[in-house]
Amino acid sequence: MSENVSSADNQQGSLRQSANDPSETTRQAPLLKAYLLGALHDGTFSSNKRFRISQVGTDWLRILQGFFKKLGYNSWIYKEGKHRKVYVLETLANFLDFNFNPLELKTEEEKIGYIKGFFDAEGGIPRDEKARFYIQLVQNDREKLVKIKKLLNDLGIEIGKIHNPSHSVDPDYWRMYVLAKSQQSFLKKIGTWHPRKIKTLKQRMKI
């Protein structure tokens, strides 16, 4: 797992280093747009027609803000409420679309970027170092998970059954797990740009 976490750090570093290279930013634009479209699953659309992504803390939002900037779009981060630790990123970026169909993505790089963004927004790994390791993807839209499962299968990553953990608790909550035999492949091919997930993976390396 250590090699995969280092890869995630290196990916972040290379993106930061290319910030002043217009040609490199142009090359990365499809990947960054796909990532942000995937990350949008953690977002909402406000009454003033702005896309909003909220998080506890600002670490991941700062990364998203940097990606928007590289693509030529403005975004703003602010604290939501005086006594909460929730922060919001807002943007008017016109390529964002809640109804985007990921099966329309053409290149493997874009597919990986989209899944990475979705995983960073709606994916989970256990924070408890003693817990059995898993990789899950969750969503209220079952059909979206069906499409993401297809993309992952196309990349050689096997996924378990899409299921609802408790229909009585939340009939619209759907979840799927990366099969144990594909976890390393997922971390290597997809990985993460979310600082908290990178930190968690580093901690699990010590087990």
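In strand β7, Tyr177 is the bridge partner of Gln136. The model is predicted: local features need pLDDT of at least 70, side-chain atom pairs count only at pLDDT 80 or more, and totals for chains, interfaces and linings use all residues. Residues are numbered from 1 along each chain as its sequence is written, and side-chain values use heavy atoms, with hydrogens and water left out. Helices (H or I, at least four residues) and strands (E, at least two) are DSSP runs numbered from the N terminus.

**Sheet**

- Strands β5, β6 and β7 form an open sheet in the order β5-β6-β7, with antiparallel pairing; two strands pair if DSSP finds at least two bridges between them.
- The edge strands β5 and β7 each pair on one side only.
- Helix α4 (residues 108–122) packs on the sheet and touches β5 and β6, and its direction makes about 80° with that of β6. Axes here are lines fitted to C-alpha atoms, for helices over the stretch in contact, and angles run from 0 to 180 degrees between N-to-C directions.
- Four bridges join β6 to β7 (residues 174–177), and Val138 stands opposite Arg175 in β7.
- Two bridges join β5 (residues 123–124) to β6, where Leu137 is the bridge partner of Gly123.
- From β6 (residues 136–139), Gln136 and Val138 point one way, Leu137 and Gln139 the other way, and all are buried. Buried means under 20% relative accessible area, exposed over 50%, and partly exposed in between (1.4 Å probe, protein chains only).

**Nonpolar core**

- In soluble globular proteins, nonpolar side chains tend to be buried together.
- The largest nonpolar core has 49 residues, and those with the most contacts inside it are Leu36, Leu64, Leu96, Leu152 and Phe186. Such a core is a set of buried Ala, Val, Leu, Ile, Met, Phe, Trp, Tyr and Cys residues joined through side-chain atoms within 4.5 Å.
- At least two residues of this core come from each of α2 (22–39), β2 (51–56), α3 (59–70), α4, α5 (142–154) and α6 (183–189).
- Helix α2 supplies the largest share of this core, eight residues.
- Phe186 is in contact with Ile115, Phe119, Ile135, Leu152, Ile157, Val178 and Gly191, leaving aside its neighbours within four places in sequence. Contact means heavy atoms within 4.5 Å.

**Helix α7**

- In α7 (residues 195–204), the buried residues are Lys197, Ile198, Thr200, Leu201 and Arg204.
- These residues are on the same side of α7 because they cover an arc of only 160° around the axis. The arc is that of the directions from the helix axis to the C-beta atoms.

**Aromatic rings**

- Rings of Phe, Tyr and Trp (its six-membered ring) pair if their centres lie within 6.5 Å; planes under 30 degrees apart count as stacked, over 60 as edge-to-face and the rest as tilted. By this rule the count comes to 10 aromatic pairs.
- Phe45 and Phe51 form a tilted pair, 4.8 Å centre to centre with 55° between the planes. Phe45 counts as partly exposed at 45% relative accessibility, whereas Phe51 counts as buried at 10%.
- Tyr73 and Phe95 have ring centres 5.3 Å apart and planes at 55°, so this pair is tilted. The pair links distant parts of the chain, 22 residues apart: Tyr73 is in the loop between α3 and β3 (75–79), and Phe95 in the loop between β4 (86–91) and α4.
- Tyr73 is partly exposed at 21% relative accessibility, and Phe95 is buried at a relative accessible area of 16%.
- Tyr35, Phe67 and Trp193 form one aromatic cluster.
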